[in-house]
Protein chains: 2
Amino acid sequence: MPSVNPDAAKKFIKRKQLSAKEYIKGILDGDIIILSRAVTLIESARFDHQSLAQEIITGCLPHSGKSMRIGITGVPGAGKSTFIEALGMHVIGKGRRVAVLAIDPSSSRSNGSILGDKTRMEKLSTNKNAYIRPTPSAGSLGGVARKTKETIILCEAAGFDTIIIETVGVGQSETVVHSMVDFFLLLMLAGAGDELQGIKRGIMEMADAIAINKADGSNVDKAKMAQAQYKSALHLFPLTESEWEPPVKTCSSLYNSGIDDVWEMIMEYQKETEENGYFEHNRRNQAKHRMVETINEVLLGDFYSHPKIRNQITTFEQLVLDDKKSSFQAAKELLDKYYRSIKNS
Amino acid sequence: MPSVNPDAAKKFIKRKQLSAKEYIKGILDGDIIILSRAVTLIESARFDHQSLAQEIITGCLPHSGKSMRIGITGVPGAGKSTFIEALGMHVIGKGRRVAVLAIDPSSSRSNGSILGDKTRMEKLSTNKNAYIRPTPSAGSLGGVARKTKETIILCEAAGFDTIIIETVGVGQSETVVHSMVDFFLLLMLAGAGDELQGIKRGIMEMADAIAINKADGSNVDKAKMAQAQYKSALHLFPLTESEWEPPVKTCSSLYNSGIDDVWEMIMEYQKETEENGYFEHNRRNQAKHRMVETINEVLLGDFYSHPKIRNQITTFEQLVLDDKKSSFQAAKELLDKYYRSIKNS
């Protein structure tokens with residue numbers, strides 16, 4: 001048998017290139033394969049892919065937005081995958097369609113992740129009303145955020161009315177997820193106190209609810225105790241802008257108990273915040289915020305990656321640390337170099 | 001009696017202009033009047049004042065840093081002024097020298113504030129080992145932060161070994177204060193829960209300690225109860241980078257009880273964090289951070305105040321809100337306009 005060069009073989013199964021119009025039609029028709037190919041374009045670094053992707057997104061935008069966007073975070077071991085599987089199957093049972101995305105730029109998962117995510121969520125991954133898309137491969141947090149947000153738009157245009165975004169509660173990605181979802185759920189384990197060590201400070205205050213997972217078997221009592229403790233802790237937090245008081249629930253993804261309760265709570269949140277206007281207010285703020293964030297990322301990125309700056313910033317930092325220059329003086333000199341240089345470029 | 005034009009009158013009491021060298025010498029000699037005049041230069045928007053101020057700061061830098069910098073926040077009514085007065089007098093009794101600065105860019109206090117602050121802290125303001133400097137008058141938060149940080153440098157060079165920075169716990173200024181102090185104290189009142197409504201989310205997680213003030217008379221029991229509640233709530237928070245577990249104290253500024261306890265705790269914190277290296281680590285991080293913050297503020301400020309951008313940003317925001325453009329597309333177009341314009345300027 002002759003050896004096969006897989007790259008050469010790929011050429012022969014090259015897919016027909018679709019136009020933006022064909023992509024948009026396919027997505028609006030709910031064609032999962034076309035949706036997947038469009039998301040791949042979003043994730044591509046190639047310029048022609050990017051401009052095609054932007055055209056598709058613009059076409060899908062007017063058909064997007066009609067979903068409940070839920071962010072789920074928790075330390076590794078909190079059982080996020082089984083929880084999402086249980087919640088996803090529950091809402092599919094209610095006639096909804098679920099897309100599961102993930103943000104985790106710190107992870108080294110890349111090509112293996114599709115298989116990984118699909119194995120982790122066995123039932124969801126084979127259900128026709130679910131779409132699982134793993135973390136876009138490496139990139140800046142801003143880049144990953146952009147890709148995830150654009151993927152949400154396409155998923156919504158394809159008729160998914162429940163978007164679940166998973167993240168690991170240990171990095172900066174929670175703030176990013178928080179800025180693109182309607183509801184942010186923190187998944188915890190019983191044994192209050194200790195397991196929080198892995199959660200970044202500030203995440204608890206972003207949560208719209210805490211669910212204590214694995215409340216089953218001999219764990220039930222511990223979970224109830226943790227629930228009481230978190231309840232009294234959350235009570236000390238200032239009121240949220242949404243006027244929603246974050247509840248603390250217990251559940252077991254394994255035994256499928258309490259999952260319905262969590263879902264009803266999310267629906268209750270949607271109802272309340274739609275009625276008091278916060279839901280729409282928050283989405284509009286998020287959209288404006290995203291524009292500003294993108295602008296800021298480019299402006300700062302251009303400065304710090306500029307050849308005139310990149311080489312000197314450590315030197316200037318050291319001068320500041322040695323009290324040779326004030327922070328402000330150092331900043332001013334670097335800025336002068338930068339502006340002179342871009343004006344002359 | 002002829003009417004007097006106060007501006008014309010001012011000309012005749014014009015003070016002798018000092019050189020940077022004279023300013024530096026005066027400050028290092030602990031001359032409060034010269035210190036005050038230098039701080040006024042820092043706060044001035046005039047270009048010649050700014051360049052003189054920068055020269056003075058550079059000269060004072062090598063003599064700065066040898067103080068304990070304490071940030072104090074709390075909602076209006078928590079009794080910050082009386083607390084600072086009590087704490088300040090306590091540490092002066094221990095042979096220290098105290099400078100009290102304030103950050104509160106949201107307030108409309110400006111010219112009246114010197115009198116205001118001095119009245120609020122009657123004993124401190126007449127003590128020769130205390131220096132009270134009110135909020136620099138209006139300006140951007142970044143600008144106020146810069147002025148406050150530069151004032152700290154001068155105060156330290158003038159021999160103040162205890163710097164207290166006061167802020168109102170309702171705005172964004174806490175993050176700024178937190179980024180320039182060694183210890184961050186949150187002042188609370190008894191009646192756990194309710195009074196927190198005024199505190200911005202996230203502030204509790206920044207605190208190195210909570211002190212429940214006004215624990216006197218019939219309030220003592222309530223304060224003790226609040227103390228227990230906050231203790232158990234803080235216990236749920238993740239460990240701080242400094243490895244310091246934020247204590248909860250009760251005190252009464254009015255009856256001067258518990259103030260010594262708060263001070264001992266601050267000294268304990270200094271000892272512990274100096275030993276584990278966090279104190280120095282944190283200060284170096286703050287200095288680097290400040291340089292980066294200043295750079296970022298200028299880069300973003302230049303963009304958003306640019307005539308080509310300022311007029312169009314609302315239009316673009318509206319296009320995003322109406323789903324006519326994606327946030328990313330809108331950002332890209334604005335950035336293109338900006339870069340084209342500064343290259344051609």
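Predicted model: local features only at pLDDT ≥ 70, side-chain atom pairs only at ≥ 80, totals over all residues.

**Cysteines**

I began with A:Cys251, which counts as buried at 1% relative accessibility; buried means under 20% relative accessible area, exposed over 50%, and partly exposed in between (1.4 Å probe, protein chains only). Residues are numbered from 1 along each chain as its sequence is written, chains are lettered from A and ligands numbered from 1 in the order in which they are written, and side-chain values use heavy atoms, with hydrogens and water left out.

Next I looked for disulfides, taking a pair of cysteine sulfur atoms within 2.5 Å as one. The count over all chains is zero. I checked B:Cys155 by hand: the closest cysteine sulfur is in B:Cys60, 10.0 Å away, too far for a bond. B:Cys155 is buried, at a relative accessible area of 0%.

**The two copies**

How does chain B superpose on chain A? I get a rotation of 179° with 0.0 Å of shift along its axis, at an RMSD of 0.2 Å. That is the relation of a two-fold axis.

Helices here are DSSP runs of H or I with at least four residues, strands are runs of E with at least two, and both are numbered from the N terminus. I checked the length of α8(A), residues 141-157: its 17 residues should span 24 Å at 1.5 Å a residue, and the end C-alpha atoms are 24 Å apart, which agrees. The expected span is 1.5 Å times one less than the number of residues.

Is α8(A) enclosed or open? Of its 17 residues, 15 are buried, so the helix is largely enclosed by the rest of the structure. Just after α8(A), I noted a positive phi of about 95° at A:Gly159.

Then I turned to the nonpolar cores, meaning sets of buried Ala, Val, Leu, Ile, Met, Phe, Trp, Tyr and Cys residues joined through side-chain atoms within 4.5 Å. The largest has 110 residues, and A:Ile56, A:Leu154, B:Ile56 and B:Leu154 touch the most other members. Another core, of 36 residues, lies apart from it; among its members are A:Ile313, B:Ile295, B:Leu321 and B:Ala330.

I followed up A:Leu154, with contact taken as heavy atoms within 4.5 Å. Beyond its neighbours within four places in sequence, A:Leu154 is in contact with residues including A:Ile27, A:Leu35, A:Ile56 and A:Cys60.

**Strands**

All seven of the seven residues of β1(A), residues 68-74, are buried, so this strand is largely enclosed by the rest of the structure. Both of its faces are covered: A:Met68, A:Ile70, A:Ile72 and A:Gly74 sit on one side, with A:Arg69, A:Gly71 and A:Thr73 on the other. I count strands as paired if DSSP finds at least two bridges between them. β1(A) pairs with β5(A), residues 183-188, in the parallel sense over four bridges. Within that pairing, A:Ile72 has A:Leu185 as its bridge partner.

In chain B I looked at β2, residues 98-103, where six of six residues are buried. Three bridges join β2(B) to β3(B), residues 130-132, and the two run parallel. B:Val100 stands opposite B:Ile132 there.

B:Ser67 is in the loop between α4 and β1 of chain B, and it is buried at 5% relative accessible area. Outside its sequence neighbours within four places, its contacts include B:Glu156, B:Asp161, B:Asp182 and B:Arg283.

Two non-glycine residues with positive phi went on my list. A:Asn256 has about 55° and is in the loop between β7 and α12 of chain A. B:Glu243 has about 65°, lies in the loop between α11 and β7 of chain B, and is exposed at 56%.

Last, B:Lys222 lies in α11(B) and is partly exposed at 45%. Its C-alpha atom is 5.6 Å from that of B:Ala190, 32 residues apart along the chain.

Notes
Least-squares fit on C-alpha atoms with pLDDT ≥ 70 in both.
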